[in-house]
Amino acid sequence: MAETDQSKPAFKSGFIALIGRPNVGKSTLLNAILGEKMVITSARPQTTRNSIRCIHTDADCQMVFVDTPGVHKPKTKLGEYMKKTIRDTLADVDAVLYLVEPTKKERPEDAYIRKLLARVQAPVVLVINKIDTVGKPALLDVMARYRGEDRLRTIVPVSAKRGEGIGEVMAALMAVLPEGPQYFPGDMIIDQSERFVVAEMIREKALHCLRDEIPHGIAVEVTKMHPRLARHQKTIVDIEATVFCEKKSHKGIIIGRGGAMLKAIGSDARRDIESFLGQSVNLQLWIKIRPDWRESSRDLKDLGYHE
């Protein structure tokens, strides 16, 4: 009878929620952990709208990260949907990554997050992101302030943008995750369809290119995604997507003078999509007005914002 290897560590797995104020760097941290871009990032707050699960698997563990929308006071039905997404996610995870910035200034969202975390049974790992923006004395002051909070298992300073401290975050999570099964195939890194990822990549480029007053009022729907053989047996993926906005004036801004803005969005998006798919892409973008879609339950459901 063969002997079992007692020295091999038990396989660990679990679902890990990322929570923090808008624009604190949750998506940037997640992309750094995964080693490739799977979640869109932007300097605009409230970039993440859905609860997106990304998976990191190695020989000893599988970590399923759930990227939640930034905590903010909702002003629309879309905002209420995002707030509910956060609450539902925290209720059913094995660990929480709580992201903050190295600043002494607190906002109302901070108090709300602490209120949410007080009800969470899972262990909480505090990640102080953007440490490259402050000196060591200021960082130590921030760390000292958080050390008094009972809910926190450990504190990890990182710079997600520079990829600093990522190994320490993974080690902290390994220390708190339970033994468990492998929930997803080892080569799977996101639980969303290719169409969802493509739509998010287009929305990201719109966030980067457009004025502040427009991005929260846009949504993207991929209506066609079909590969075809072109010359020399080269595969090209034909993609058609609709960018929805709420006002006629917004449509003109998105298109831009002579179509320049729409062309810039499409060109930037196409590069990321080709990298993601590993194939050449023919991307066509269309603009449609959908008045007040963020306040319409039917429109929210049509655009994928539903339970």
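## Charged pairs and nonpolar cores

Arg-270 is partly exposed, with a relative accessible area of 29%. The model is predicted. In it, Arg-270 forms a salt bridge with Glu-274, one of 10 salt bridges found in the whole structure.

**The pair in helix α8**
- The N to O distance between the side chains of Arg-270 and Glu-274 is 3.5 Å.
- Both residues sit in helix α8 (residues 260-277), and because they are 4 residues apart there, about one helical turn separates them.
- Glu-274 is partly exposed, at 22% relative accessibility.

**A network of salt bridges**
- Arg-21, Glu-101, Asp-110 and Lys-130 belong to one network, joined by salt bridges that share partners.
- Asp-110 and Arg-21 pair at 3.6 Å, N to O.
- These two lie 89 residues apart: Asp-110 is in helix α3 (residues 108-118), and Arg-21 is in the loop between β1 (12-20) and α1 (26-34).
- Asp-110 is buried, with a relative accessible area of 5%, and Arg-21 is buried with a value of 5%.
- Lys-130 and Glu-101 pair at 2.9 Å, N to O.
- Lys-130 is partly exposed, with a relative accessible area of 23%.

- In soluble globular proteins, nonpolar side chains tend to be buried together.
- The largest nonpolar core here has 55 residues, and Ile-273 is among those with the most contacts inside it.
- Helix α6 (residues 194-209) gives this core its largest share, 7 residues.
- Domain 1 (12-176) and domain 2 (194-303) each supply at least three residues to this core.
- Beyond its neighbours within four places in sequence, Ile-273 has contacts that include Val-198, Ile-202 and Leu-283.

Terms used. Residues are numbered from 1 along each chain as its sequence is written. This is a predicted model: local features need pLDDT of at least 70, side-chain atom pairs count only at pLDDT 80 or more; totals for chains, interfaces and linings use all residues. Side-chain values use heavy atoms; hydrogens and water are left out. A nonpolar core is a set of buried Ala, Val, Leu, Ile, Met, Phe, Trp, Tyr and Cys residues joined through side-chain atoms within 4.5 Å. Buried means under 20% relative accessible area, exposed over 50%, partly exposed in between (1.4 Å probe, protein chains only). Domain bounds come from an automatic or database domain assignment. Contact means heavy atoms within 4.5 Å. A salt bridge is a side-chain nitrogen of Lys or Arg within 4 Å of a carboxyl oxygen of Asp or Glu.
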